[in-house]
Structure formats: C-alpha cells, structure tokens
Amino acid sequence: MLQYIFKRLIFMLPLLIGITIICFTVMHLAPGSPTDLQTQMNPRVSAEAKERLRTMYELDKPLHQQYWSWVKKLAVLDLGKSFSSDHRPVADKILERLPITILLNILSMLLILLIAIPIGILSAVHQDSPFDKITSVFVFVGFAIPTFWLALLLMIFFGVNLSWLPISGIRSLNYEYLPAGAAFWDLIKHLILPVLLSAFGGLAGLSRYMRSNMLEVIRQDYIMTARAKGLSERVVIYKHALRNALLPVITILGLSIPGLIGGSVIFETIFAIPGMGQLFYMSVMARDYPVVMGILFIGAALTLLGNLIADVSYAVADPRIRVS
Amino acid sequence: MMTDFLERFFKNKMAVAGSIVVILLFAVSLLAPWIAPYDPSTIDLKHVLAPPSFGHPLGTDQLGRDVLSRMIWGARISLKVGFVATGIAMLIGTILGAASGYYGRWVDATIMRFVDIMLCFPTFFLILAVIAILEPSIWNIMIVIGLTGWMGITRLVRADFISLKERDFVSAARVIGASDFRIIFVHILPNAMASVLVATTLGIAGAILTESALSFLGIGVQPPIPSWGNILTAGKDNIDIAWWLSLYPGLAILITVLGYNLLGEGIRDSLDPRLR
C-alpha cells in the first residue's frame with residue numbers, strides 16, 4: 001500500500017511542476033509588466049520607485065531566474081503581497097476564505113452522492129421504466145441548464161416571492177445576538193440554496209454514470225451465478241452488483257473536483273458568500289494579479305490533492321489496483 | 001454507409017428535434033437585422049423596465065431597450081462564440097491527438113502529461129485568470145475558451161489513431177511510400193472525424209454555457225453588445241422588480257444547449273448504433 005502511495009506521489013511531481021509553469025506563463029501574458037498597473041495610474045510614483053518595484057518583483061532578471069525564485073517562495077507558501085490597499089500576504093487572504101469554500105463543496109458533494117447513486121441504481125434496475133424515462137429527461141435538462149440561471153430563478157421564487165430563504169451572505173445581520181440553536185439554523189438557511197445549486201450541476205453526470213455502471217455490472221457472469229444460486233433479487237442487486245458498480249464512482253468524484261471548485265466562483269459571487277471563489281472574482285475585477293495567481297495555483301493544487309485521495313481510496317477499496 | 005446514417009438519424013426523434021433547434025438558431029442569427037422588431041441598442045427612457053406587453057413581447061431592460069430584439073442579436077453572439085471557440089479547441093485537439101496517437105513514445109508521453117496538467121486546473125479559474133490579464137472582449141473570450149477546451153478531443157483523437165494506425169490500409173499507404181503527413185491527414189484522419197464531429201457538437205454547447213456564465217459575471221461579452229449572459233446580469237440587478245429579464249434569456253440558453261446536445265448524441269448514436 002505504502003509503495004502504491006509512493007508511486008502516485010512520484011507520478012504527481014511532474015504534474016505539479018507543470019502547474020507552476022502554466023501559472024507562471026499566464027502571469028507573464030500581461031502586456032508590459034505587472035508593476036505598470038500599480039504605477040501608471042499614480043503620478044506620484046517616480047521612475048526610481050518604479051525601478052525599486054521592478055527589483056522587488058525581480059522583473060529585471062531573466063525569465064528562468066524569475067521562475068526559480070517564484071517557485072522557491074511557492075514552496076514555503078509565500079505567494080507575495082496583494083496589490084489591493086491592504087497589502088496583506090496573499091496566502092493569508094486565501095487561507096481565511098478557504099474553509100467556507102471547502103465546506104460548501106463537501107456538502108454539495110455529499111448531496112450529489114446521496115441523490116445521484118439511488119437514482120442511478122433504480123433507473124438501471126428498472127431500465128426503460130417510466131422512472132428511468134423521467135430521470136433521463138431530467139439528466140438531459142440538467143446537462144443543458146445554466147446553473148447560474150437556475151440560481152436566479154430560485155432566488156426570485158424562494159427569496160423574493162416567498163421570502164423563505166435569504167439570498168445573500170452566510171449570516172443574517174443579527175447573527176451575533178442569536179442563541180446557539182437559532183444561529184446554527186440561520187447558517188443552514190443561508191447555505192441551502194448555494195449547496196443545492198452547486199450540487200445540481202454534478203447530479204446529472206453522476207446519476208447517468210451510475211446507471212451505465214450498474215447496467216454493465218448486471219450483465220456480468222457473476223451476477224448470473226448469484227441469481228442461479230437462488231439468491232433474492234435484493235441481495236443480488238444491493239450486495240453483489242452495487243459494490244462493483246460503486247467502485248468507479250470514487251474516480252469520478254476525484255475528477256469532479258475542478259468543476260466544483262471552478263463553479264464556486266459563480267455561486268459565491270451570486271450569493272455573496274465570502275469564500276475563495278468570491279475573492280477570486282473580486283481580484284479578477286480589481287486586477288490583483290498576486291491573488292489571482294495564488295488562487296489559480298491553489299485551485300490546481302487542490303485538484304491534484306483530490307485526485308491523490310481518490311486514487312488512494314480506490315486502491316484501499318479495490319485490491320486489484322494495488323497489485324498492478 | 002451515408003444513407004444508413006441518415007436513415008438512423010431521421011428515425012431518432014431527439015436528434016431531429018435537436019437539429020430543428022440548431023437550424024432555427026442559425027436562421028434567427030442570419031436574419032437578426034430583419035426580424036428584430038427594434039434596434040437592440042436604442043435607449044428609450046420612457047419605457048424603462050416595462051413588463052412584457054404587445055409592443056414589447058418580452059419587456060424592456062433597465063435602459064428601455066427591447067429584450068426580444070436584444071435576445072435575437074444575442075443569438076448571433078452565442079453562435080459565433082460557440083463555433084469559433086470550439087473550432088480552436090478542435091484544431092488543437094485534433095493536431096495534438098493525431099501526433100500523440102500516431103507517433104507514440106515520447107511524443108505521446110509529453111502530450112499526455114500536458115493534457116493531465118491542463119486538466120488539473122479548474123477551467124473556469126484558468127479562463128478568468130487569462131481574461132483578467134487580457135481585457136474581456138468577445139475575441140479574447142472565444143480564444144480563451146478554445147485554448148482551455150481541447151483536452152477531451154485530444155484524448156478521443158489519440159485513441160482513434162492508436163487503433164487505426166495498425167490497420168492494413170495504413171500499412172499499404174506506408175508501403176507505397178506515403179509520407180507521415182499524408183498518412184496522418186489523408187488516410188487516418190478522415191476515419192477519425194466521426195468522434196471529432198460528435199465532440200465538436202457537444203463542445204459548442206459547452207462553449208455557449210461558458211460564454212453566458214462569463215458574460216453574466218461581467219467578464220464576458222461587454223455591453224452594449226447584447227448577449228444572453230449580460231441580459232441576465234440586468235435580471236440579477238433588478239431581481240425583485242423585473243422577472244422577465246431573468247426568465248427569457250436563460251430559457252434561450254437552455255434550449256440552445258439542449259439542441260446541440262441532442263444533435264451531438266443523435267449523430268453519435270446514428271454513426272454507430274452499437275455505442276448506445
């Protein structure tokens with residue numbers, strides 16, 4: 001097992017290097033240099049100060065040296081300082097917003113699993129039944145619907161027309177004065193719509209995937225054997241077939257991480273949730289390059305980490321993977 | 001072969017429905033100047049945020065512009081973005097996939113690692129980061145969506161090339177002295193076009209969704225150019241008073257994307273009924 005994990009880690013190393021190279025390239029797409037932005041609007045900045053800034057960002061050195069010193073800083077999570085007026089370290093700004101984004105993504109992933117797997121199983125077991133047909137339509141619409149639009153509609157319906165759910169932020173204004181129970185309920189109410197919507201995008205994909213997995217497994221010889229032994233249909237489906245159909249879902253969960261993280265930009269912006277996605281959006285609008293590059297890197301690194309966890313869990317669940 | 005394909009295609013109701021949607025969209029985009037009831041950018045401050053009525057079937061926006069006319073012109077934008085962005089992705093994907101599958105060895109290893117690296121980035125993050133640097137404009141968006149969407153096509157084309165290059169007709173071409181270039185583009189590629197066509201149709205749907213999300217966030221097609229995404233931004237800003245700004249453009253995106261998806265899946269099923 002340890003050997004397998006070690007092998008995966010070695011395999012990830014070139015990917016990590018590649019990620020840093022792409023981040024670095026994107027950063028240098030800018031016409032002129034990043035320091036122009038801080039200085040060109042400000043008449044008080046002298047040529048000498050510009051030069052100082054250039055030296056600070058080491059823009060006077062050749063590219064490979066710039067890259068090398070950037071990577072060295074990256075290794076100790078030194079992502080530089082924000083261009084915004086607070087000039088805080090980028091790593092701090094990201095770290096304080098990361099927990100809420102990760103919480104939202106984990107919640108929506110759980111929701112996806114809870115809904116998509118039963119749907120997938122049922123529509124496979126009852127192939128071509130009315131249930132299967134209805135879910136197929138749902139899947140098609142689910143693939144095509146712009147989720148930010150669905151968010152708008154639900155905000156109009158539940159937030160504006162019915163006033164059942166709040167449509168912005170994660171806490172009410174009077175949050176600090178609420179007793180513990182009410183405060184918790186307040187947080188839940190704020191999270192319902194964002195979690196529901198960010199799960200929606202993944203639902204269609206996973207239930208379809210689960211369905212085709214299950215259909216494939218049901219046709220295998222060992223399922224026929226199980227039936228021939230006289231086992232009840234229940235045991236055949238939920239014990240023999242389900243376990244094998246569930247395995248590849250682990251990989252799909254790993255693959256869905258970049259989509260979920262990317263989607264957090266849209267949901268956190270629409271619902272004004274102070275997470276990493278919203279920070280990213282605001283930094284893009286404000287041209288705060290160090291923060292943009294920091295989050296771009298962290299987003300890719302999180303994906304890599306998620307894939308590693310998925311690979312290792314797969315190996316834990318399926319001994320065949322470890323050996324080959 | 002072709003008649004078999006057409007017969008299967010026209011028997012598939014979903015595929016026919018998808019093609020009707022796509023054909024209608026083309027018609028609307030081409031005829032926009034003639035069928036739009038108003039000029040899409042004429043500001044009419046006397047009729048700001050007017051609800052749907054006989055004069056303005058889908059209402060007006062915050063500057064009194066006719067929403068129906070803006071949506072008709074918006075269809076042009078999404079068509080353009082969908083085709084150009086996916087065209088770029090298809091070009092890159094086909095070339096890299098062909099090289100990877102045909103040459104194998106280190107060429108394959110390098111290109112596949114590059115694909116793995118690109119897939120680590122949340123696509124939306126990468127697009128936003130590049131847009132932050134390059135200024136949002138319709139051309140930049142098309143290019144960036146294309147540059148971040150070629151990985152799936154690369155993998156498909158590579159898989160096709162790996163199996164096709166072992167076939168007899170390729171060996172025969174090699175024996176009569178055809179160059180690599182000729183074998184790749186004249187002999188193998190036409191046989192791999194089927195999966196590229198399907199991926200491209202589905203890719204157009206994806207590109208249209210991405211463009212609308214970007215425009216909705218204000219980093220895509222910039223007003224006053226009308227796009228379905230940026231009409232929805234106005235819908236969000238006036239969420240409690242003007243539902244029509246939120247409802248109709250989203251419906252248009254949904255139907256369009258659904259149309260391309262049905263068309264793509266229809267082509268796939270008709271090309272090879274065994275794949276169903």
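The model is predicted, so local features need pLDDT of at least 70 and side-chain atom pairs count only at pLDDT 80 or more, while totals for chains, interfaces and linings use all residues. Residues are numbered from 1 along each chain as its sequence is written, with chains lettered from A and ligands numbered from 1 in the order in which they are written.

Chain B has 11 helices and zero strands, where helices (H or I, at least four residues) and strands (E, at least two) are DSSP runs numbered from the N terminus. Its C-alpha atoms fill a box of roughly 75 × 45 × 30 Å along the principal axes. Of its 276 residues, 46% count as buried, meaning that 20 or more other C-beta atoms, placed from the backbone, lie within 10 Å of a residue's own.

Turning to the contact between the chains, chain A puts in 38 residues and chain B 37 residues; two residues are in contact if their C-beta atoms, placed from the backbone, lie within 7 Å. Among the elements giving two or more residues to the chain A side are helix 6 (130-144) and helix 10 (233-270) of chain A.

Helix 6 of chain A runs for 15 residues and reaches 22 Å from its first C-alpha to its last, close to the 21 Å expected at 1.5 Å a residue (1.5 Å times one less than the number of residues). Its buried residues are T135(A), V139(A) and A144(A). The cover over them includes helix 5 (90-125) and helix 8 (180-218) of chain A, together with helix 9 (180-216) and helix 11 (243-271) of chain B.

Technical notes. Buried ≥ 20, exposed ≤ 12 C-beta atoms within 10 Å, placed from the backbone.
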